[in-house]
Amino acid sequence: MTIIPSARDRFAIPDDVHYLNCAYMAPLAHEVQAAMMASVDGKRTPWTYTPDMFFSTVAAFRSRAARLVGCTERDIAIAPSVSYALATAARNIDVPAGSEIVVLDAQFPSNVYAWQTKARDAGARVVTVARAANGWTDAVLAAIGPKTAIVAVPQCHWADGGALDLVAIGAAAQAAGAALVLDLTQSLGAMPFDLSAVQPDYMVAATYKWLLGPYGTALIYIAPHRQDGVPLEENWMNRAGSEDFAGLTDYTEDYQPGAARFDMGEKSNPPLMNGAAAALDLIDDWGVENIAETLGGRTAQIAAAARELGLTADDEPVRAPHFLSLGFPNGVPTGLMARLSAANVFVSLRGASLRVTPHLWTTDHDVDTLIERLGALVRA
């Protein structure tokens, strides 16, 4: 693995802006913005947008997503959001009456509401797992049993960054005959993920955080044995033969092969597809393992400095390498977020913890400014 040099120059972040909030939203790299703007310009001249481009634009993103995930292009579907993707999964997983759906405590709402609705409609119940003293994994494993129908978890918790051993959880779910549904929005692109070892039924990730892409796009991995299910919507492009514009009214009951039957309507949105593809090219060039190693060093630096101020922070492997949550033993300082923002320090407050999520644009000056401002607040 290689430590990646600062990539600050790839982003439009002024020197006096200290943006340590990738878990909220990533800025667009220059290359990503250029790909999106070129696509916007193309919409000004629709006569240049030929029918084949409805498919080639999507294919370019799908191939890059498959490369990142470690699957075939046939296994990737395109969604507008995590909630859309999870609704797709929920529609296609059988949940018997009296069974259980396992989720994490304080999990992001999109990965809870879908399962609450599914459980209510099926006569099942949602089992909410509280974090154990040693992290999330043992608590999740203890919750999986004969009644488990679905295990719906992330790779790291969106609020505290606590990491989950998905290989162990995947094996437990498989042994219980339960479907494994993963939301990797807060980890894919910044934390290694071994698809073949975990073997999820469904996996989703929105592109606007750690995948460094635009808002409004998500990828879904759908395991081959799940690819004959029912899509959320019936759009013209997910039907077989839709490449032939002259034959669109030759209606068919057949779908596009593989996971493409689950694609959202109007997926051929050039600014989103081309921007997301350009962002995945960046991640591929850097390498996910290298990104994780680099960010792990950065968060360790921040954690060490924060502890000197009396704050608390987990170490790896309890937390993900790219994700840091700082605790305030004496309570959250009054006006914390407003005072940090006034100093152009951008982080997130989640509960009683400060979520600090740097990326390759983060510099030592950003870290020094964060620690200086936190020190002034906790000593006040």
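This is a short tour of one structure, stop by stop, for you to follow in your viewer. Keep in mind as you go that the model is predicted.

**Stop 1: two packed helices**

Start by selecting residues 30-43, which form helix H1, and residues 270-286, which form helix H8. Two packed helices are described by the angle between their axes and the distance between the axes. Here the axes of H1 and H8 are 8 Å apart, and the angle is about 160°. Angles over 145 degrees count as roughly antiparallel, so H1 is roughly antiparallel to H8. Their crossing is right-handed.

Now show the side chains where the helices meet. On the H1 side, select Glu31, Val32, Ala35, Met36, Ser39 and Val40. Their partners in H8 are Pro270, Pro271, Leu272, Asn274, Gly275, Ala278, Ala279 and Leu282. What kinds of residues make up the contact of H1 with H8? There are 10 nonpolar residues, three polar ones and one charged one.

**Stop 2**

Next, select residues 148-154, which make up strand E5. How many of its seven residues are buried? The answer is seven, so E5 is mostly covered.

Zoom in on Ile150 in E5. Ile101 stands opposite Ile150, while in E6 the bridge partner of Ile150 is Ala179.

**Stop 3: Val151**

Move along to Val151, which also lies in strand E5. Is Val151 buried or exposed? Buried means under 20% relative accessible area, and Val151 has 0%, so Val151 counts as buried.

Look at what surrounds Val151. Beyond residues up to four places away in sequence, Val151 touches Val102, Val140, Ile144, Ile169, Ala173, Ala178, Ala179, Leu180 and Val181.

Val151 and Arg298 are 147 residues apart in sequence, and 32 Å separate them in space, C-alpha to C-alpha.

**Stop 4: His18**

Finish at His18, in strand E1, which covers residues 18-19. His18 counts as buried because its relative accessibility is 4%.

Which residues is His18 in contact with, leaving aside neighbours within four places in sequence? Select Ala343, Asn344, Val345, Phe346, His365, Asp366 and Thr369 to see them.

Conventions. Residues are numbered from 1 along each chain as its sequence is written. This is a predicted model: local features need pLDDT of at least 70, side-chain atom pairs count only at pLDDT 80 or more; totals for chains, interfaces and linings use all residues. Side-chain values use heavy atoms; hydrogens and water are left out. Axes are lines fitted to C-alpha atoms, for helices over the stretch in contact, and angles run from 0 to 180 degrees between N-to-C directions. Helices (H or I, at least four residues) and strands (E, at least two) are DSSP runs, numbered from the N terminus. Angles under 35 degrees count as roughly parallel, over 145 as roughly antiparallel, 65 to 115 as roughly perpendicular and the rest as oblique. A crossing is left-handed if the near helix is turned anticlockwise from the far one by less than a right angle, and right-handed if clockwise. Contact means heavy atoms within 4.5 Å. Ala, Val, Leu, Ile, Met, Phe, Trp, Tyr, Cys and Pro count as nonpolar, Asp, Glu, Lys and Arg as charged, and the others, Gly among them, as polar. Buried means under 20% relative accessible area, exposed over 50%, partly exposed in between (1.4 Å probe, protein chains only). Two strands pair if DSSP finds at least two bridges between them.
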